[in-house]
Amino acid sequence: MTPTDDTFNVLGRLPKGRVAIEASAGTGKTYTLAALATRYLAEEEIAASELLIVTFTRAATAELRSRIRDQMVRSVAVLRGDVPDGEADQLSIHLRADQADVRRVRLERAMSDFDAAVISTMHSFAAQLRTTLGISAAIDADASLTTEVSPLIKQACADALAAASVADIAVG
């Protein structure tokens, strides 16, 4: 396959703003996200707490967190000179090409603060957001997502009948 202008290159210019990666299974999404997270932490003035990575499943979340941490550890080892050139991965070689000491320090700081990064499932992120906004927005903090609507319909019908009964008693 010959790269075209719209082919994404993980070692190319870092995307700005929001980034959405959509691809089929087994195409390298996890590798790409881990590489991009590592690059942002090494090349930009951002802290681990500024990362927000949202995915579908808990397993994917755990895998992403592990792969990002592993990539940072590998890259720091290469940037320190602890890894022979022939054993260094392409991303770490890319990071070493410019401002290696600055990037190493940034990654070391990111590694120590990595637990502050938000890497979660969509549902977990939505729940965190709902909890945060619950203080300032009209959102029921005890609300939960469900796919089973039968109990809700029964409760709504019971509430409507009870309200109608109360209205009939008050008028009568």
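Q: What does "buried" mean for a residue here, and what are the other classes?
A: Buried means under 20% relative accessible area, exposed means over 50%, and partly exposed lies in between, with a 1.4 Å probe and protein chains only. The model is predicted: local features need pLDDT of at least 70 and side-chain atom pairs count only at pLDDT 80 or more, while totals for chains, interfaces and linings use all residues. Residues are numbered from 1 along each chain as its sequence is written, and side-chain values use heavy atoms, leaving out hydrogens and water.

Q: Which residues of α2 are buried, and what do they pack against?
A: The buried residues of α2 are T61, L64, I68, Q71, M72, S75, V76, A77, V78 and L79. They pack against α1, β1, α3, α4 and β2 (118–121). These elements are DSSP runs numbered from the N terminus: helices are H or I with at least four residues, strands are E with at least two.

Q: What makes the reach of α2 close to the expected one?
A: The expected span of a helix is 1.5 Å times one less than its number of residues. α2 has 23 residues and reaches 33 Å from its first C-alpha to its last, against an expected 33 Å. After α2 comes G81, with a positive phi near 90°.

Q: How do you know that α1 is mostly covered?
A: Of the 15 residues of α1, 11 are buried, among them T32, L36, Y40 and L41. The buried residues of α1 pack against β1 (52–55), α2 (58–80), α3 (90–96) and α4 (100–112).

Q: What makes a set of residues a nonpolar core, and which residues have the most contacts inside the largest one?
A: A nonpolar core is a set of buried Ala, Val, Leu, Ile, Met, Phe, Trp, Tyr and Cys residues joined through side-chain atoms within 4.5 Å. The largest has 25 residues, and L41, I68, M72, L107 and I119 have the most contacts inside it. Two or more residues each come from α1, α2, α3 and α4, with α1 giving the most, seven.

Q: Which residues does I68 contact beyond its neighbours within four places in sequence?
A: Contact means heavy atoms within 4.5 Å. I68 meets A34, A37, T38, I53, F114 and I119 in this way.

Q: Why is E45 with R106 called a salt bridge?
A: The term requires a side-chain nitrogen of Lys or Arg within 4 Å of a carboxyl oxygen of Asp or Glu. The closest N and O atoms of E45 and R106 are 2.7 Å apart, so the pair qualifies. E45 is in the loop between α1 and β1 and R106 is in helix α4, 61 residues apart.

Q: What links R69 to D115?
A: Their side chains meet in a salt bridge at 3.4 Å, N to O. R69 belongs to helix α2 and D115 to the loop between α4 and β2, 46 residues apart. R69, at 32% relative accessibility, counts as partly exposed, whereas D115, at 66%, is exposed.

Q: How many salt bridges does the whole structure hold, and which residues form a network?
A: A search finds nine. R80, R104 and E108 are linked in a network.
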